[in-house]
Amino acid sequence: SEFRRAIADDELVLFHQPIVDTRTGRASQVEALVRWQHPTRGLLAPGAFIDVAEESGLIVPLGSWVLEHAAAQLARWDAEGRSVERVWINMSAAELRAPGYAERAVAVLEAHGLAPERIGLELTERVLLDEALETGGEFTALAEGGFDIAIDDFGVGYSSLRYLHVHPVHTLKIDHAFVSTIDRGPRETAVPNAVIRLGHGLGYQVTAERSEEHTSELQSHHDL
């Protein structure tokens, strides 16, 4: 009940984590991360409410809220002359199973004067295990509509490498569990290096993920 009210009363807030291009050193893309500004408990990370959102069916309106506000913020940055090429948002399996999601997502972006390629969609490996998505549907419609799609937390899920051929993926995100230990020696760098070579060999972009557990590491849209 509290979370349903949070969506209706705009108690949610987006933080934006920069994605740095190692070739140029520029942070031209960001990932939008939702937090809940609870009226009595303070700022809550997703771990405090995502499970409730999924179990209650509120994950779809939550995703719609994130998409709308991410698009609105990107349009404001454009108006201010900020050089933000793309905003990445997380997407759930429930959203992909919702008929007409791709069409509605395009409509949201068009309302803010944005092309679909300005928004990237992140899916976990667990989502790829949903056989209902394998035949295409909204997944294919999103890719064909111009949205970039990333596999989040790559390397820690249960999916097969064959999904890289089945689904129209553009980006692999190496889980921070692998990235946080790369300074310890050759053994710790082996997995990230292998994922990088795999991704580049398939023509994908590869992103190394930092920890998102502490909001102090994030930049809000006021500071970007």
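I started with the surface: the protein chain exposes about 11,500 Å², and carbon and sulfur atoms supply 51% of it (Shrake-Rupley method, 1.4 Å probe; for residues, only the protein chains shown count as cover). Before going on, I noted that this is a predicted model, where local features need pLDDT of at least 70, side-chain atom pairs count only at pLDDT 80 or more, and totals for chains, interfaces and linings use all residues. Residues are numbered from 1 along each chain as its sequence is written, and side-chain values use heavy atoms, with hydrogens and water left out.

**Overall build.** I looked up the secondary structure and got ten helices and nine strands (DSSP runs numbered from the N terminus: H or I of at least four residues for helices, E of at least two for strands). Of the 224 residues, 44% count as buried (under 20% relative accessible area with a 1.4 Å probe, protein chains only). I also checked contacts (heavy atoms within 4.5 Å): among those with a separation of 6 or more, 67% are between residues 24 or more positions apart.

I then picked out Val-87: leaving aside residues up to four places away in sequence, Val-87 touches Val-30, Ala-32, Ala-70, Leu-74, Trp-77, Arg-118, Ile-119 and Gly-120.

**Helix H10.** Val-195 sent me to H10, where Val-195 is buried along with Pro-192 and Gly-199. What do the buried residues of H10 pack against? I found strand S6 (148-154), strand S7 (171-174), helix H9 (176-179) and strand S8 (205-208). Just after H10, Gly-203 takes a positive phi of about 85°.

**Second largest pocket.** Last, I looked at the second largest pocket, with about 790 Å³ of space. Of its 27 lining residues, Ile-19, Val-20, Asp-21, Val-206 and Thr-207 are the closest to the centre (pocket: an open set of points on a 1 Å grid over the protein atoms alone, where a 1.4 Å probe fits, with protein on both sides within 12 Å along at least five of seven lines; lining: an atom within 4 Å of a point). S8 supplies the largest share of the lining, four residues.

Note on methods:
Buried < 20%, exposed > 50% of the residue type's maximum accessible area, 1.4 Å probe, protein only. Points joined across faces, edges and corners; volume = space filled by probe spheres on them.
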